[in-house]
Amino acid sequence: MPRSPRPIRVALVGAKFMGRAHSNAWRQAGCFFDLPRPVALHTIAARNAAELETFAAQWGWPHTTTRWRDLAEDPEIDLVDIGTPNDVHREQAVAMLEAGKHVACEKPLAGTLDDARAMRDAAKRSKAKTFVWFNYRRCPAVALAHELVREGRLGDIRHVRATYLQSWGGPDTPRVWRFQKKRAGSGAHGDLNAHIVDMARFVTGEEITEVHGAVARTFIKERPMPDDGGPDGGGALAGSKGRKKPATGRSDVDDAVLFVASLSGGATASFEATRLAPGHQNRNTLELNGSKGSLRFDFEDMNVLWFHDDTESPRTAGWRRIMCTNAAGGHPYAENWWPDAHVIGYEHGFTNMAADIVRVLCRTKPVVPLPDFADAYETQRVLEAALLSAKERCAVRLREVR
Ligand code: SOE
């Protein structure tokens, strides 16, 4: 009877929104993917002891600790997954890398470029592997876009148009950590532009070379303090409708950042992130126009990729709506989920990513490339260049931001 391979034992720091998304992903990966080694949920670490026990029981974490440093000292843990606010990514990731643990960290890599650089350098010094949860790369439609560009179906890329429009940041939303510069580093910019900058780099395979101009806005400067007694208040998207009116606190981060840039292949690019676009709940969109065609993606219709093949005769050319769920058609991840057009959702991108992390740890190929700390650092440089451009009201070349 062949011995079953030793499981990859995972620990997770953080039991809020990303704690749920990641717990689900680690639990589901082995169910929907035929992986070289199984995943074992080992320990969940979070600050609030009462919440922790409930979370552990609900999600099946056998061990708990309120001291995240315990994870570095536990020889039974192979990978530590960091799902905490941006300001503690560096401390936690560096400690785990120095203890020889593999690290998967939520995006953005960090709240500041300095912290991100320290994380990148710690990863360089370590033999362990690193990953950053840019989960939208693993929407099948985005992964297909990546493949089509690589196959040359768009030709030379001329324009990238990316937006990430949300609307949860209204005046009733409490001053959770995402509205505190010292915790988050920036607001919608680091939270949302991080995703679309990564997607643009991933799908085009090119780097941003210059930010020509950026504008940052904080429309709501005072927010109700979270009334749950904790320093961070409710989850990321918690509203406060109906709550008693607590004191207010200053929001010192952007509610929106827009910027225009150039890509290394010569394309123009525009990026817009906001938490104040009523009518758009999680509208993460990307459009590419190339010399041979165009493609566009909208996360709010996440199973579909629109493709226009401009080499077709004008008699039949037009936007093609590709439902990216066809296993026989080789759509990324389609064979792991449901029959054609039995669509998948937000959480499946995380499960796809957990499966690809296991594949990389077992030295097998992920379906599409996974961002490590060095890759995510390139996105962080772009975020920093845009903030500099907005602050100094000038163009910023990426070579000036190291
Ligand atoms: C809040 O803006 C948020 O939860 C982001 O932090 C996530 O990365 C995004 O996937 C959904 O919205």
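Author: The expected span of a helix is 1.5 Å times one less than its number of residues. The model discussed here is predicted: local features need pLDDT of at least 70, side-chain atom pairs count only at pLDDT 80 or more, and totals for chains, interfaces and linings use all residues. Residues are numbered from 1 along each chain as its sequence is written, and side-chain values use heavy atoms, without hydrogens or water.

Reader: How do you know what span to expect of helix α1?

Author: Helix α1 covers residues 17–32, 16 residues in total; helices (H or I, at least four residues) and strands (E, at least two) are DSSP runs numbered from the N terminus. From first C-alpha to last, α1 reaches 22 Å, close to the expected 22 Å.

Reader: Where is the kink in α1 centred?

Author: The kink is centred on tryptophan 26 and amounts to about 25°, the bend being the angle between axes fitted to the seven residues ending there and the seven starting there. Trp26 is also one of the buried residues of α1, which include Met18, His22 and Asn24.

Reader: Why does aspartate 78 count as buried?

Author: Its relative accessibility is 15%, and buried means under 20%, exposed over 50% and partly exposed in between (1.4 Å probe, protein chains only); aspartate 78 is therefore buried. This residue is found in the loop between α3 (69–73) and β4 (79–82).

Reader: What makes a polar contact with the side chain of aspartate 78?

Author: The side chain of arginine 6 does, at 3.3 Å. A polar contact is a pair of N or O atoms within 3.5 Å; within protein, one must be able to donate a hydrogen and the other to accept it, and residues adjacent in sequence count only if both atoms are side-chain atoms. The backbone nitrogen of arginine 9 lies 2.7 Å from a polar atom of the aspartate 78 side chain.

Reader: Why does glutamate 98 count as exposed?

Author: Glutamate 98, in helix α4 (residues 89–98), has a relative accessibility of 61% and so counts as exposed.

Reader: Which residues are closest to the ligand?

Author: Among the 13 residues that surround the ligand, the closest are Phe17, Tyr136, Gln166, Asp191 and His195; a residue is near if one of its heavy atoms lies within 4 Å. Ligand oxygen atoms lie 2.6 Å from a side-chain N or O atom of tyrosine 136 and 2.9 Å from one of glutamine 166. The largest share of the shell, 3 residues, comes from α8.
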